[in-house]
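Subject: Structure handover

Hello,

Here is the structure for you to look through. Please open it first and read the notes below with it on the screen.

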Amino acid sequence: MIANQKIGIILANLGTPDAPTSSAISRYLWKFLTDPRVVDLSPYKWYPLLKAVILPLRSKRIAKNYQAIWTEQGSPLLAISRRQKDALQAYLDKQHIDAQVEIAMTYGNPSMQSAVKNLLKNKVERIIVLPLYPQYSSTTTGALFDAFAHALKEERGMVPFDFIHSYHVDENYINALADSIKVRLKSDEFLLFSYHGIPLRYENMGDYYREHCKQTTLAVVDKLGLTENQWGITFQSRFGREEWLQPYTDKFLQNAASQGIHKIAVICPGFSVDCLETIEEIDEENRENFLTNGGQSYQYIPALNAEPQHIEMMGKLLLAKIFPPLKE
């Protein structure tokens, strides 16, 4: 890549409702749950059920959860994403890189279409998309690539681009996770790695997300020097009746005390930004789940968010694309 090119950077994530209201959440969930990457059921059967039953009930329930965590800057995911954008822009400016950073969401706003349009309007000569999903899954990274491709499809003046597929064992990412854990984990705490789940059927169809999660976990465990009885790996946020990746986080925490685990720390390495699934589900709902079933102490280790080490990690991923190593 030519060093003096103007580079467009898209910092991409899943998305968030525009407001903590049932109607806004319903619009957001409709986009999310009608993506065949996420739910691959027949639209003829799925859409009527979704519209008539699931959205009205789920939107009303989730609205209360969003209202509890909403900030003056919007949802935590959006507020933190904006801080990431500003910090990453400052990092690249300091490296004397002529770059413009935009936020894009697969679902909701700011949209992928708006990010692409903003970059092309400002005459970038290349685009690099950084999905903030360290571990690849067709339901996240794959869906985000679809959104990016759709945005490009609407433009006549398409420019060259790079798409960062995953970074689940990137050294700087593993170091950032390990360092975050080191300053928080107590010597008598069990460390639980909780990742967002996917239907087991998707894995059987070729999605290798679980393997990426395992590789991340083992790399961090090795960096921390933990023994096999000091840590575990689970999957959270399942939806519907079919089997998802196991073990399930909520079931593990419910039974942990009976297995001799009384003090626990939970980290969610697949989340680059704290959001409803970490703040409400892990730090609140599952905290209560653990403590009411015999647990003595519980802590949630926050996502890397806009921490300097996380921003530097992103910057180095991008610099490796801007200045690829020379082949011998």
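**Strand S1 and its partners**

Strand S3 covers residues 126–131, and six bridges join it to S1, the two running parallel. Two strands are called paired if DSSP finds at least two bridges between them. Helices (H or I, at least four residues) and strands (E, at least two) are DSSP runs, numbered from the N terminus.

Before going on, note that this is a predicted model, in which local features need pLDDT of at least 70 and side-chain atom pairs count only at pLDDT 80 or more, while totals for chains, interfaces and linings use all residues. Residues are numbered from 1 along each chain as its sequence is written, and side-chain values use heavy atoms, with hydrogens and water left out.

S1 also pairs with strand S2 (residues 99–108), in the parallel sense and over nine bridges. Within that pairing, Ile9 has Val101 of S2 as its bridge partner. As background, strands of a sheet pair through backbone hydrogen bonds, either parallel or antiparallel.

How many of the residues of S1 are buried? Ten of its ten residues are, so the strand is described as mostly covered. Buried means under 20% relative accessible area, exposed means over 50%, and partly exposed is in between (1.4 Å probe, protein chains only).

Gln5 lies in the segment before S1, which spans 7–16. Gln5 counts as buried because its relative accessibility is 12%. Leaving aside residues up to four places away in sequence, Gln5 touches Asp98, Glu125 and Arg126. Contact here means heavy atoms within 4.5 Å.

**The four-stranded sheet**

There is an open sheet of four strands in the order S6-S5-S7-S8, with parallel pairing. Strand S6 (231–236) and strand S8 (297–301) stand at the edges with a single partner strand each, so one side of each has no neighbour in the sheet. From one strand to the next, the twist averages 25 degrees. Helix H10 (residues 276–291) packs on this sheet and touches S5, S6, S7 and S8. The direction of H10 makes about 165 degrees with that of S8. Axes are lines fitted to C-alpha atoms, for helices over the stretch in contact, and angles run from 0 to 180 degrees between N-to-C directions.

S5 pairs with strand S7 (residues 263–267) in the parallel sense, over four bridges. Phe190 stands opposite Ile264 in S7.

His196 is in strand S5, residues 190–196. Is His196 buried or partly exposed? With a relative accessible area of 28%, His196 is partly exposed. His196 and Gly270 are 74 residues apart in sequence, and 7.0 Å apart in space from C-alpha to C-alpha. Residues up to four places away in sequence not counted, His196 touches Tyr209, Phe235, Gln236, Ser237, Trp244, Phe271 and Glu277.

**Helix pairs**

Two packed helices are described by the angle between their axes and the distance between the axes.

Helix H3 (residues 76–94) packs with helix H11 (residues 308–322) at an angle of about 55 degrees, with axes 9 Å apart. H3 and H11 are therefore oblique to each other. Angles under 35 degrees count as roughly parallel, over 145 as roughly antiparallel, 65 to 115 as roughly perpendicular, and the rest as oblique. The contact involves residues of both helices, among them Gln84 and Tyr91 of H3 and His310 and Leu319 of H11. Its residues divide into eight nonpolar, three polar and two charged. Ala, Val, Leu, Ile, Met, Phe, Trp, Tyr, Cys and Pro count as nonpolar, Asp, Glu, Lys and Arg as charged, and the others, Gly among them, as polar.

H11 has another contact, with helix H6 (residues 171–182): their axes come within 9 Å and cross at roughly 175 degrees. That makes H6 roughly antiparallel to H11. Asn172, Tyr173, Asn175, Ala176 and Asp179 of H6 meet Gln309, Met313 and Lys316 of H11. By class, this contact has three nonpolar, three polar and two charged residues.

Helix H4 (residues 112–121) and helix H5 (residues 138–153) pack at about 50 degrees, with their axes 9 Å apart. H4 and H5 are therefore oblique to each other. In this contact, Met112, Gln113 and Val116 of H4 meet Leu144, Ala147, Phe148, His150, Ala151 and Leu152 of H5. The classes here are seven nonpolar, two polar and no charged residues.

Regards
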